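Please look over the sequence and the structure shown here before reading on.

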Amino acid sequence: MEPAMAERHRKVVQWLEEVFAGPAPAFEVSSDTLAALEQLAVVHRAREQQAAAAAAHARLAAAEFAAETRRLEELVEAVGCSLAALTPAGRAHTKALAALAVAVDVRDCSASSLISGIVEHTTQRDAMQLELRAANREARRLQAQTDLAAQRLATLEHALSRLDGRAAEVLATTEQRQSRTGFLQQKAAAYAQEVLQLDAELVALGYDNSLRHDTLAAQAQAIASQSDALAPAKASLASYRMLPPDMPLARARLEEAR
């Protein structure tokens, strides 16, 4: 180990022995470990110095308070107002004043100190009341928002329940229609098979397109049209057939017809 690191290690071990009041615990000896422990030692010693200074100040203040207490006790006894000489009511009032002085953090027995403490606590009370009123207003605002959110949630839940019911109805209807569609598809397939069988039977029987209903209907309509066209000729032919076979008589009949 280098001399510089050995010296650092010695100081760190000495500090650890002071902290643990005994042998120092084992630790890894490295530059990083020694640096971290040295930093902790500096912080620890600084805090110890601060604590020692605070303790010395507290002891000095306690000595001053004790001296002031003895002085006040001597003064009270000199004027005949010691606690033992007071009536029960006086002792109760004295204890109440002492409690008030402690509550308002009075530093001495002057009236200005008491008034200052009362004013300070009154100011703090007013500030706390303002904060409390602001907190109550915020709480009421949040409560109103919470109530509104609860109402909206109830509305949404009701709408969701209705939608669930409607979805169930639509699902049932859809399933029925799907079942009906499957049935119709099966019937259509059966009818298509029957049509194919019937077409095969018609072909076997010599059926052709001339025997179709639409073809026969068209032929009937054409025949009716020709009959209407031939009606005048048929009437003329009928009149000619009614003429006598003799030519002179036939001409005489025609002249009479005219």
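## Exposure and the overall picture

A residue is called buried when its relative accessible area is under 20%, exposed when that area is over 50%, and partly exposed in between. The model discussed here is predicted. By these cut-offs, arginine 10 counts as partly exposed, because its relative accessibility is 43%.

The protein has six helices and zero strands, and from the N terminus on its elements run α-α-α-α-α-α. Among contacts between residues at least 6 apart in sequence, 29% join residues at least 24 apart.

In soluble globular proteins, nonpolar side chains tend to be buried together. In this model the largest nonpolar core consists of six residues, namely Val12, Trp15, Leu16, Leu34, Leu37 and Ala41. The elements giving two or more residues to this core are helix H1, which covers residues 3-20, and helix H2, which covers residues 31-78.

Leucine 16, one of the core residues, also touches Ala24, Pro25 and Phe27, when residues up to four places away in sequence are not counted.

## Charged pairs

Side chains of opposite charge can pair when their charged atoms come close. The structure holds five salt bridges, and one of them joins the side chains of glutamate 7 and arginine 10, with a distance of 2.5 Å from N to O. Both residues belong to helix H1, where they are three residues apart and therefore separated by about one helical turn. Glutamate 7 is partly exposed, with a relative accessible area of 34%.

Which parts of the protein does the salt bridge between glutamate 38 and arginine 8 tie together? In this pair the closest N and O atoms are 2.8 Å apart. Glutamate 38 lies in helix H2 and arginine 8 in helix H1, so the pair ties together parts that are 30 residues apart in sequence. Glutamate 38 is partly exposed at a relative accessible area of 26%, and arginine 8 is also partly exposed, at 25%.

A further salt bridge is formed by the side chains of arginine 166 and glutamate 169, at 3.3 Å from N to O. These two residues are three apart in helix H4, which spans residues 111-204, so that about one helical turn separates them. Glutamate 169 is partly exposed, with a relative accessible area of 48%.

Terms used. Residues numbered from 1 in each chain as written. Predicted model: local features only at pLDDT ≥ 70, side-chain atom pairs only at ≥ 80, totals over all residues. Heavy atoms only, no water. Core = buried A, V, L, I, M, F, W, Y, C linked by side-chain atoms within 4.5 Å. Buried < 20%, exposed > 50% of the residue type's maximum accessible area, 1.4 Å probe, protein only. Helix = DSSP H or I, 4+ residues; strand = E, 2+ residues; numbered from the N terminus. Contact = heavy atoms within 4.5 Å. Salt bridge = Lys/Arg side-chain N within 4 Å of Asp/Glu carboxyl O.
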